[in-house]
Amino acid sequence: MKKLRDYEIGIAKLSNRKHDYEFEMDDSFFALFEQEIILGGKLLAKVTLDKTESLLTLHFDIKGHVRLTCDRSLEEFDQPVDIEETLLIKFGEENAELDEDLWQITPETQTLNVAQHLYDYIGLSLPMKKLHPRFVEEQDEDDERDILIYSSRQAGDSEGDDNDGNDDDDVDPRWDALKNLN
């Protein structure tokens with residue numbers, strides 16, 4: 001069983017250069033987080049940490065698949081994942097998230113746990129509508145058919161009529177009072 005400390009990087013004694021790490025994520029990784037969206041999976045995260053005097057640059061390359069539940073059929077299926085993200089961490093007076101891709105930690109910080117970042121990147125890469133692969137082609141066809149086209153024509157008008165909406169017989173009588181304002 002994996003624990004959160006398996007995803008820690010000791011940054012206190014690292015020299016100022018690039019360092020490479022690999023983290024394997026499986027069902028036990030997703031069990032560490034209280035969630036029901038990702039049922040499990042098998043992924044490999046390659047993390048490159050570039051340390052300088054004032055900045056840590058972490059480049060995440062995550063590949064594999066996660067097990068999801070189809071929103072349409074409630075069947076489980078594997079969703080491929082291929083993510084590349086970069087996180088900048090600068091040193092400052094307090095620990096804070098300054099932006100979604102910029103964090104601040106104190107110079108006394110000994111370790112950096114990347115488990116939450118890995119989980120967040122995976123979660124954000126998932127589609128809003130989780131469909132089993134056999135429904136994806138159907139969904140694409142449905143999306144093309146369900147395009148709403150806005151038209152100013154009334155339901156009874158035919159396409160051959162070129163009245164451009166100027167036919168006074170079709171105008172709501174309540175609008176006639178506005179014509180007198182000119």
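How many aromatic pairs does a search of the whole structure find? The search returns 8 aromatic pairs, where rings of Phe, Tyr and Trp (its six-membered ring) pair if their centres lie within 6.5 Å. In one of these, F29 and F30, the ring centres are 5.2 Å apart and the planes stand at 80 degrees, so the pair is edge-to-face (planes over 60 degrees apart; under 30 counts as stacked, and the rest as tilted). Both F29 and F30 are buried (under 20% relative accessible area, with a 1.4 Å probe and protein chains only). One aromatic cluster is formed by Y7, Y21, F23, F29, F30, F33 and Y119.

The model is predicted, with local features requiring pLDDT of at least 70 and side-chain atom pairs pLDDT 80 or more, while totals for chains, interfaces and linings use all residues. Residues are numbered from 1 along each chain as its sequence is written, and side-chain values use heavy atoms, without hydrogens and water.

E97, D99, E100 and D120 make up a negative patch. E100 lies in the loop between β6 (96-99) and β7 (102-105) and is exposed, at a relative accessible area of 58% (the cut-off is over 50%).

A nonpolar surface patch consists of W175, L178 and L181, which together have about 370 Å² of accessible area (Shrake-Rupley method, 1.4 Å probe). L178 belongs to helix α4 (residues 176-179) and is partly exposed, with a relative accessible area of 44%.

Methods
Patch = residues over 30% accessible without salt bridge, like charges linked within 9 Å, V, L, I, M, F, W, Y side chains within 5 Å. Salt bridge = Lys/Arg side-chain N within 4 Å of Asp/Glu carboxyl O. Lys, Arg positive; Asp, Glu negative; His and termini not counted. Charge placed at Lys NZ, Arg CZ, Asp CG, Glu CD. Helix = DSSP H or I, 4+ residues; strand = E, 2+ residues; numbered from the N terminus.
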